[in-house]
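Please consult the sequence and the structure shown here while reading.

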Amino acid sequence: MRSTTLLALLAVVLLYLVSGALVFQALERPHEQQVQKDLEDGRDKFLKDHPCVNQENLRKFIKLVADALGGGANPDTSWTNSSNHSSAWNLGSAFFFSGTIITTIGYGNTALQTEAGRLFCIFYALVGIPLFGMLLAGVGDRLGSSLRRGIGHIEAIFLKWHVPPGLVRILSAVLFLLIGCLLFVLTPTFVFSYMESWSKLEAIYFVIVTLTTVGFGDYVPGTGSGQNSAYQPLVWFWILFGLAYFASVLTTIGNWLRAVSRRTRAEVGGLTAQAASWTGTVTARVTQRAGPSCPPPEKEQPLLPSSLPAPPGAAEPACRPGSLMPSKKAETPSPPTASALDYPSENLAFIDESSDTQSERGCALPRAPRGRRRPNPARKPSRPRGPGRLRDKAVPV
């Protein structure tokens with residue numbers, strides 16, 4: 001967010017707070033004056049009738065005091081001249097009350113008593129809370145950048161002293177937390193302890209309860225007598241910067257957690273990939289050792305003349321070429337019979353010779369793939385062969 005945009009947003013929020021303070025003051029101030037007058041009348045009646053006080057009169061008086069306190073009456077000034085008492089709805093107090101609405105702290109020490117004030121508070125909170133959220137994000141970003149820039153100079157000094165970078169990052173994070181706690185926690189603790197006459201424990205309790213937006217309301221600054229009207233608006237600006245610092249710290253922690261999560265996911269993904277690769281390798285080796293002895297060929301072989309079906313009597317090889325398993329010994333060829341030949345005019349001696357040659361090699365030539373095998377020619381009827389009949393002339397393949 002640019003500086004001009006941030007300043008413009010701050011001006012809009014301040015104008016919004018001032019307008020809300022004027023409206024709340026105009027709506028609630030008359031009611032406060034009325035309950036203050038009722039409290040003084042009840043005081044006078046109690047002082048007049050105290051010799052014969054009974055429980056019913058005491059109960060009524062306590063209820064009157066409680067209603068007066070809820071409406072903004074100040075019990076410390078009710079026993080003196082009421083014209084000089086500090087109002088709960090002066091401009092400074094109304095500004096602080098408007099600030100507690102949009103910061104969602106809501107101490108609850110001062111409540112709205114009129115119907116018009118409550119109706120206006122509904123729409124005021126619906127508009128003011130998102131507006132303050134945008135301002136808080138911009139201020140937190142600038143405040144965090146300024147602190148990190150200052151800590152960066154300290155990191156440069158440590159790096160010149162040859163301090164390990166990991167240790168420098170840890171020291172910078174610790175300095176970021178210490179500087180913020182010193183500015184927005186410890187210093188306000190001593191200020192509130194002095195201004196409100198609180199103990200150190202009460203003061204730091206109020207600081208933490210306020211900056212975490214819990215806001216119990218048991219300790220509220222500026223409610224005592226004799227306080228300056230500008231005191232509570234200054235407290236609201238401290239709340240703004242303190243909440244911005246806490247938002248910056250939470251943002252830094254969130255970014256660190258996201259970075260750690262991304263790194264963890266990347267490491268887990270690497271381990272998963274390695275496990276998958278190892279599993280695939282082991283599976284491939286097991287399949288290679290326990291697989292079939294004659295796996296099908298990976299690629300189709302071209303059709304060769306030698307890929308034609310072997311004639312009858314030829315030995316079947318134990319395995320095709322390219323098989324991973326060792327080939328078995330060829331079977332003993334059977335002697336030629338008087339059955340018809342597959343190819344006409346083929347010499348039986350040539351068949352025996354080619355069969356012996358293939359048996360010595362131990363493996364047959366690759367066969368033609370399915371669907372591309374040549375059809376066998378028509379067979380001729382077998383002719384009787386006598387001992388004195390000459391065989392056909394051998395036809396080479």
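The chain contains eight helices and zero strands, where helices (H or I, at least four residues) and strands (E, at least two) are DSSP runs, numbered from the N terminus. In sequence order the pattern reads α-α-α-α-α-α-α-α. The model is predicted, so that local features need pLDDT of at least 70 and side-chain atom pairs count only at pLDDT 80 or more, while totals for chains, interfaces and linings use all residues. Residues are numbered from 1 along each chain as its sequence is written, and side-chain values use heavy atoms, with hydrogens and water left out.

Of the 397 residues in the chain, 27% are buried. Here buried means under 20% relative accessible area, exposed means over 50%, and partly exposed lies in between (1.4 Å probe, protein chains only). Contacts are heavy atoms within 4.5 Å. Among the contacts in the chain with a separation of 6 or more, 76% join residues 24 or more positions apart.

**Helix packing**

Two packed helices are described by the angle between their axes and the distance between the axes. Axes are lines fitted to C-alpha atoms, for helices over the stretch in contact, and angles run from 0 to 180 degrees between N-to-C directions.

| Helix pair | Axis distance | Angle |
|---|---|---|
| Helix 3 (residues 91–102) and helix 4 | 8 Å | about 70 degrees |
| Helix 4 (residues 115–160) and helix 5 (residues 165–195) | within 10 Å | roughly 135 degrees |
| Helix 5 and helix 6 (residues 200–211) | within 8 Å | roughly 130 degrees |

Angles under 35 degrees count as roughly parallel, over 145 as roughly antiparallel, 65 to 115 as roughly perpendicular and the rest as oblique. Helix 3 and helix 4 are therefore roughly perpendicular to each other. Their contact brings S98, I101 and I102 of helix 3 against C121, Y124, A125, G128, I129 and F132 of helix 4. By class, these residues divide into seven nonpolar, two polar and no charged. In this classification Ala, Val, Leu, Ile, Met, Phe, Trp, Tyr, Cys and Pro count as nonpolar, Asp, Glu, Lys and Arg as charged, and the others, Gly among them, as polar.

The axes of helix 4 and helix 5 cross at roughly 135 degrees, which makes helix 4 oblique to helix 5. Helix 4 passes helix 5 in a right-handed crossing; a crossing is right-handed if the near helix is turned clockwise from the far one by less than a right angle, and left-handed if anticlockwise. The contact of helix 4 with helix 5 has 12 nonpolar, two polar and one charged residues.

For helix 5 and helix 6, the axes cross at roughly 130 degrees, and helix 5 is accordingly oblique to helix 6. This crossing, too, is right-handed. F184, V185, P188, T189, F190, F192 and S193 of helix 5 make the contact with K200, A203, I204, F206, V207, I208 and L211 of helix 6. It comprises 11 nonpolar, two polar and one charged residues.

**Loop residues with positive phi**

Most residues other than glycine have a negative phi, and most peptide bonds are trans. H162, which is not a glycine, has a positive phi of about 60 degrees. H162 is situated in the loop between helix 4 and helix 5 and is exposed, at 73% relative accessibility. S197 likewise has a positive phi, near 60 degrees. S197 belongs to the loop between helix 5 and helix 6 and is exposed, at 65% relative accessibility.

**Individual buried residues**

E32, in helix 1 (residues 3–49), is buried at 2% relative accessibility. The C-alpha atoms of E32 and Q113 are 8.8 Å apart, although 81 residues separate the two in sequence.

Y231 lies in helix 7 (residues 231–290) and is buried at 9% relative accessibility. Not counting residues up to four places away in sequence, Y231 touches F192, M195, E196, P221 and G222. Between Y231 and P221, 10 residues apart along the chain, the C-alpha separation is 8.5 Å.

**Cysteines**

How many disulfides does a search of the whole structure find? The search finds zero, a disulfide being a pair of cysteine sulfur atoms within 2.5 Å. C121 is buried, at 19% relative accessibility, whereas C181 is partly exposed, with a relative accessible area of 33%.
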